[in-house]
Amino acid sequence: MTVPFLEVENLHVHFVGRQRLFASAMPTIKAVNGISFSIERHRTFGLVGESGSGKSTVARAILQLADITAGTIRLGGVDVTNVRAHEELAFRKRVQAVLQDPYSSLNQVHQVRTIVGDGITRHFGIRPGPEREKRILSLLDEVGLTDDFLDRYPYEMSGGQRQRVSIARALAVAPELIIADEATSALDVSVQSQVLNVMKRVQADTGVAFLFIGHDLDVVRHVSDDIGVMYLGYLVEQGDADGLHDSPAHPYTEMLIASVPVPDPAGQADRRTLRRSFKRDSEPPSPADLPIGCPFASRCPFAMDICTEMMPTPTVARHGGHVRCHLHTSGPILAGESVVPYIRSASRSPSV
Ligand SMILES: Nc1ncnc2c1ncn2[C@@H]1O[C@H](COP(=O)(O)OP(=O)(O)OP(=O)(O)O)[C@@H](O)[C@H]1O
Ligand code: SF4
Ligand SMILES: [Mg+2]
């Protein structure tokens, strides 16, 4: 059996929130609540969910930028939950990040030569000169940028070009994992797909693993082998990307799928019906005051009494992954099968 390169086990990240006026205690913001997943080399794990679901907090915990409340993170089988100061340089060589806003994450006063070359010097000790220049040009070529980008500053490039430079900068240290947090979300659709193709090519060429974070399930599916769906800090469904998309088992996953427009008019009408069945306007609970039952109950058209009383435990879904929903265990009504036919029949019922 292949040992996964990254293993995240039962990760919890809680923050101390700001004290409200007249409140006696500081609130605890439970941003991530016991999530587990793993990524093998050459593979991409997509993390998808609405704003505030805890995706970036997971990324920050892996990158050692957020304190971990509980859980374990392993790289290549070695515990890296809390990397010590003297191990940090080696850790940063193995795990790199590409973030949403390359304009703020790239140093504006440096040319591409320095932005990409710095990592080569820091991690491989190759000083500025012909050898370093050769490596930078090869990295630019890998991300589809020509030699004349060497002398450009970030403000002289488009959003897509800056994001390619961010990828080249990450690749400069030959990392084993790249965490791409909303890396393409700010780009136009056509530029977005060019950058996604760059990532796929880079993975085919180098074998680097990706944790790809986004809020659009269609985009995440395009690049991912496996997907985890997050809601309010919980992983509510996880499985093979195509299986999960074609046969979603959690009502929230179905809601995400229904929110993506499709060109076919019949399919579009179907999705509209599905969309209407969800209580989209109701606010999700606050991570500072999590319900004891299912976190999705306030928006779920199928909520039963048990849903507000007890947190569902993960159970096997038809696509081979896991789903956290009482519909699959209480009854069992679905027993791991797709939620789609159930939603269609329920959405025709007047009670929904
Ligand atoms: N440093 C912090 N202190 C307190 N609360 C925080 C902190 N960082 C994140 N949070 C809270 O944790 C929750 C999860 O935030 P996070 O940024 O991880 O969500 P996200 O899924 O990445 O959202 P988005 O799609 O908007 O980027 C939110 O309620 C957020 O307000
Ligand atoms: S556990 Fe209940 S409320 Fe939660 S998603 Fe399933 S049916 Fe809906
Ligand atoms: Mg985020």
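A backbone N or O atom of Gly54 lies 3.0 Å from an oxygen atom of ligand 1, a polar contact in the sense of a pair of N or O atoms within 3.5 Å (within protein, one must be able to donate a hydrogen and the other to accept it, and residues adjacent in sequence count only if both atoms are side-chain atoms). Please note that this is a predicted model, in which local features need pLDDT of at least 70 and side-chain atom pairs count only at pLDDT 80 or more, while totals for chains, interfaces and linings use all residues. Residues are numbered from 1 along each chain as its sequence is written, chains are lettered from A and ligands numbered from 1 in the order in which they are written, and side-chain values use heavy atoms, with hydrogens and water left out.

Let us stay with the ligand. Ser53 also places a polar backbone atom 3.2 Å from an oxygen atom of ligand 1. From Lys55, a polar side-chain atom lies 2.8 Å from an oxygen atom of ligand 1. How much of ligand 1 does the protein bury? Taken alone, ligand 1 exposes 640 Å², and the protein buries 62% of that; such accessible areas come from the Shrake-Rupley method with a 1.4 Å probe, and for residues only the protein chains shown count as cover.

I turn now to the pockets. On a 1 Å grid over the protein atoms alone, a pocket is an open set of points with protein on both sides within 12 Å along at least five of seven lines, whereas a cavity is a set where a 1.4 Å probe fits but cannot get out; lining residues have an atom within 4 Å of a point. The largest pocket has a volume of about 500 Å³. Its lining comprises 23 residues, and Arg92, Gln96, Ala97, Ser105 and Arg169 are the closest to its centre. Which element gives the most to this lining? The answer is α4, with seven residues.

The second largest pocket has a volume of about 210 Å³. Its lining includes Ile120, Phe124, Arg135 and Glu142. The largest share of that lining, four residues, comes from α5.

Finally, the cavities. How many cavities of 30 Å³ or more does a search of the whole structure find? There are two. Among the 15 residues lining the largest cavity, Cys294, Cys300, Cys307, Cys325 and His326 lie nearest its centre. By class, that lining has twelve nonpolar, two polar and one charged residues. The second largest cavity has a volume of about 50 Å³, and α7 gives the most to its lining, with four residues.

Note on methods. Points joined across faces, edges and corners; volume = space filled by probe spheres on them. Nonpolar A, V, L, I, M, F, W, Y, C, P; charged D, E, K, R; others polar. Helix = DSSP H or I, 4+ residues; strand = E, 2+ residues; numbered from the N terminus.
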